[in-house]
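Dear colleague,

Please find the structure below, with its sequence. The notes that follow it set out what was found.

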Amino acid sequence: MNQPASAYFLEERHDPNETHTLSVLVANEPGVLARVIGLFSGRGYNIESLTVSETESQKHVSRITIVTTGTPMVIQQIKHQLDRMIPVFHVVDMTLTGRSIERELAMVKVRGGGDNRVEALRLADAFRARVIDATTESFVFEITGNSQKISQFIDLMRPLGLVEVSRTGVAAIGRGPEGM
Amino acid sequence: MSESKSRDLREDPNQMTGAAMIVRALADHGVKHVFGYPGGAVLPIYDEIFQQSEVEHILVRHEQGAGHAAEGYARSTGKPGVVLVTSGPGATNMVTPLTDALMDSIPLVCITGQVPTHLIGNDAFQECDTVGITRPSTKHNWLVRNVNDLAKVLHEAFYVATSGRPGPVVVDVPKDVQFATGTYHPPRKSDVHVSYQPRVKGDAVQIRKAVSLLASAKRPVIYSGGGVINSGTDASKLLRELVDVTGFPITSTLMGLGAYPASGPNWLGMLGMHGTYEANMAMHDCDVMLCVGARFDDRITGRTDAFSPGSKKIHIDIDPSSINKNIRVDVPIIGDAGNVLGDILQVFKAEAKKPDIKTWWQQIATWKARNSLAYKKNNDVILPQFAIQRLFEAVRGRDAYITTEVGQHQMWAAQFFGFEQPHHWMTSGGLGTMGYGLPAAIGVQVAHRDSLVIDIAGDASVQMTMQEMSTAVQYELPIKIFILNNQYMGMVRQWQQLLHGNRLSHSYTEAMPDFVKLAQAYGGVGLQVTKPADLDGAIKEMISVKKPVLFDCRVAALENCFPMIPSGKAHNEMLLPAEANDEATAAAFAGGKALV
Ligand SMILES: Cc1ncc(C[n+]2csc(CCOP(=O)(O)OP(=O)(O)O)c2C)c(N)n1
Ligand SMILES: [Mg+2]
């Protein structure tokens with residue numbers, strides 16, 4: 001093995017990366033989001049998307065949805081590391097359940113006139129995006145869907161005068177009658 | 001205080017100030033000793049401490065010392081160690097021991113003072129973001145903004161620190177909360193987060209799978225770790241019983257020494273980077289591995305893709321995140337080491353019988369015969385290995401507690417001192433903190449006034465927390481600091497010799513203090529020995545002195561620590577002392593930088 005001399009055993013692992021969506025129920029208390037984010041930065045895990053909001057205000061429970069990538073072993077680590085945090089109730093790997101719905105909302109501002117403006121409106125219609133603000137030279141579209149659909153829509157808007165985008169990140173929920 | 005307010009305080013015994021609650025909670029949790037250092041943001045608590053006698057405060061000389069003392073206290077008693085420090089620099093000085101305790105799963109409850117609530121975020125005098133800074137260094141931490149939350153948080157803090165996988169916690173209490181009056185309540189179940197429920201009992205199906213693997217093993221090995229110690233003395237008893245019932249060989253990590261006695265017939269010695277040849281070879285060649293309370297850390301496994309390639313692995317751990325982190329295992333069992341060992345034993349005794357592993361033991365005997373801890377005798381200079389062997393012989397049969405610093409001396413202590421009991425060996429394993437051993441010895445001695453407590457130290461490490469000699473003198477703690485003085489940061493020098501072309505960059509301590517005079521300056525006793533022939537007499541004197549001792553044991557300067565698994569190598573590629581001549585060493589470490 002050709003490696004620099006080191007007090008550590010250096011080795012590369014070649015397992016392929018996977019993308020997983022995790023739903024994390026946490027006690028809504030000060031610092032809980034910092035703990036979760038600190039875990040990811042401290043241990044070198046990726047965050048592709050993160051959303052958080054209180055979902056059961058009486059019980060002070062918030063739901064955090066995290067989209068992350070890593071090898072299967074790293075994904076398993078992330079789940080265990082999250083689960084052992086004191087204010088974490090429950091971690092569900094929505095990707096593993098195979099029965100989850102994922103949605104994201106984006107607001108997309110496009111500026112232009114003439115044919116571009118007509119084309120933007122036509123595409124928005126095809127993607128079921130709504131116009132939520134309009135001036136004579138611009139639109140703001142609201143679009144919901146899975147992340148790929150939103151990215152695709154944004155790509156299409158780019159040549160038509162895309163100004164800026166604001167995305168919420170992914171929210172996910174399981175299909176069927178059961179809760180997590 | 002107004003008159004009506006003081007009357008209220010008298011009428012309801014649970015109405016009290018935050019500062020009083022803290023001392024009360026400590027007493028309610030059976031805390032007898034607190035290690036600490038005062039400052040502006042904890043003065044109300046110190047005022048309460050002054051006015052009571054249930055909890056004794058030990059004044060250290062640096063907050064890091066308080067933290068390591070509390071660690072030594074916790075490890076040698078199985079009870080949580082408690083620390084009290086002020087805001088700002090008091091809290092930041094605690095970061096090292098907190099991280100140390102987190103890595104080694106030591107229960108600590110650290111109470112920090114904080115600037116008054118209304119000043120938080122203002123860059124006030126001695127303000128720091130204590131919960132932010134200590135978040136990754138603790139199992140959990142709290143900032144208490146309301147005096148009426150304080151009792152609950154304190155009780156929860158003790159529970160979190162001591163349950164599940166133990167660890168350090170911080171409770172940050174602003175000064176106005178210490179002054180404010182509120183309602184205290186004694187510990188109760190509902191004080192604990194519902195989201196925190198560590199699992200103690202192992203899954204019955206997994207336990208059966210484990211037993212059938214063990215029962216059919218031809219080349220088994222038990223690999224135990226600090227989790228067995230943390231689980232309590234019962235776990236060590238059960239481990240010993242399991243070894244007897246199965247007849248299996250057993251090795252352990254640095255943290256697990258003493259759970260199985262070093263004099264036991266099935267003991268292979270420590271495993272890992274500086275473990276014995278037989279322990280590492282047994283790990284490599286086994287067909288069934290039972291890992292209990294250890295975490296396949298990188299000092300243990302060597303090259304992970306060549307780690308014990310032919311074995312089925314059973315892993316018992318209370319922390320699910322330890323499982324499949326570095327090494328994929330076949331039968332994970334989440335639960336408390338003692339609890340699961342008890343269940344395994346019960347099933348094994350009922351349904352299995354001792355497998356015949358005679359040929360495996362014969363194989364192990366051939367590895368043992370390589371004598372991997374051998375060193376050349378020397379009549380002129382004291383060899384560090386020899387010094388530890390003589391120390392061990394001198395204290396054999398006594399209730400001796402050993403702490404260490406970090407470096408070669410630490411590894412030699414692990415290799416050459418035979419530990420017979422759990423909770424008698426305190427060393428900084430996960431973080432490898434130089435300066436741990438002296439204050440840890442203080443903590444151990446506070447808990448065990450009449451026992452012999454020895455810090456096996458290095459000349460460099462011991463200077464990191466030397467000031468705590470003053471604490472030892474103040475509290476009449478007769479700790480023995482047994483310094484293997486090689487005038488080098490030996491472990492650093494060893495790596496520089498092996499990996500960096502023998503360029504000894506800053507690993508030689510050119511200005512060494514006179515440890516004998518230093519001991520005297522502190523009010524302790526200094527001893528120095530340079531000749532092997534004088535060693536036993538000097539050790540005897542050290543033991544008989546009823547004061548703190550700095551023992552300056554001058555040892556061979558250039559001795560290196562073997563056997564060793566070179567980096568990037570597997571368990572079966574160990575470098576043995578007999579083979580560690582220059583060429584073999586160069587070949588073993590080759591691959592990257594050229595070696596001189
Ligand atoms: C706080 C800290 N700083 C640096 C290190 C890196 N380090 C590991 S061992 C060592 C040398 C220790 O020297 P000494 O205490 O004399 O022990 P020896 O190896 O000579 O027995 C150093 C600097 C460490 N472990 N801890
Ligand atoms: Mg040294």
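I begin with helix α21 of chain B, whose buried residues are B:Gly490, B:Met491, B:Arg493, B:Gln494, B:Trp495, B:Gln496, B:Leu498 and B:Leu499. Buried means under 20% relative accessible area, exposed means over 50%, and partly exposed lies in between, with a 1.4 Å probe and protein chains only. Helices (H or I, at least four residues) and strands (E, at least two) are DSSP runs, numbered from the N terminus. With eight of its 10 residues buried, α21(B) is mostly covered. B:Gly501 follows this helix and has a positive phi, near 60 degrees.

Please note that this is a predicted model, in which local features need pLDDT of at least 70 and side-chain atom pairs count only at pLDDT 80 or more, while totals for chains, interfaces and linings use all residues. Residues are numbered from 1 along each chain as its sequence is written, chains are lettered from A and ligands numbered from 1 in the order in which they are written, and side-chain values use heavy atoms, with hydrogens and water left out.

The magnesium site

Which protein atoms are donors of the magnesium ion (ligand 2)? They are B:Asp459 (OD), B:Asn486 (OD1) and B:Tyr488 (O), lying 2.1 to 2.2 Å from the ion. Donors are N, O and S atoms within 2.8 Å of the metal (3.2 Å for Na, K and Ca); water is not among the atoms, so sites may look incomplete. Along the chain, the donors follow the spacing D-x26-N-x1-Y. B:Asp459 lies in the loop between β17 and α20 of chain B, and B:Tyr488 in the loop between β18 and α21 of chain B, so the pair ties together parts that are 29 residues apart in sequence. Both B:Asp459 and B:Tyr488 are buried.

The six-stranded sheet

Chain B contains an open sheet of six strands in the order β16-β15-β17-β18-β20-β19, with parallel pairing. Its edge strands are β16 (425–426) and β19 (525–529), each of which pairs on one side only. Two strands pair if DSSP finds at least two bridges between them.

In strand β17 (residues 452–458) of chain B, seven of the seven residues are buried. Both faces are covered: B:Leu452, B:Ile454, B:Ile456 and B:Gly458 are buried on one side, and B:Val453, B:Asp455 and B:Ala457 on the other. Strand β15 (residues 400–404) of chain B runs parallel to β17(B) and is joined to it by five bridges; here B:Ala400 has B:Leu452 as its bridge partner. Two bridges pair β15(B) with β16(B), also in the parallel sense, and B:Met426 is the bridge partner of B:Thr403.

Five bridges also join β17(B) to the parallel strand β18 (residues 480–485) of chain B, where B:Leu484 stands opposite B:Gly458. Between β17(B) and β18(B) the chain passes through helix α20 (residues 469–474), and this β-α-β crossover is right-handed. A crossover is right-handed if, with the strands pointing away from the viewer, the path from the first strand over the helix to the second runs clockwise.

Strand β13 and its partners

Five of the six residues of strand β13 (residues 312–317) of chain B are buried, so this strand is largely enclosed by the rest of the structure. Strand β12 (residues 288–292) of chain B pairs with β13(B) in the parallel sense over five bridges, and B:Met289 stands opposite B:Lys313. Four bridges join β13(B) to the parallel strand β14 (residues 331–334) of chain B, with B:Val331 as the bridge partner of B:Ile314.

The cavity

How many cavities of 30 Å³ or more does the structure hold? The structure holds one, and the largest cavity has a volume of about 40 Å³. On a 1 Å grid over the protein atoms alone, a cavity is a set of points where a 1.4 Å probe fits but cannot get out; lining residues have an atom within 4 Å of a point. Grid points are joined across faces, edges and corners, and a volume is the space filled by probe spheres set on the points. Among the lining residues of the largest cavity are A:Arg111, A:Asn116, A:Glu137 and A:Phe139. Helix α4 of chain A gives the most to this lining, with three residues.

Yours sincerely,

Note on methods: On a 1 Å grid over the protein atoms alone, a cavity is a set of points where a 1.4 Å probe fits but cannot get out, and a pocket is an open set with protein on both sides within 12 Å along at least five of seven lines; lining residues have an atom within 4 Å of a point.
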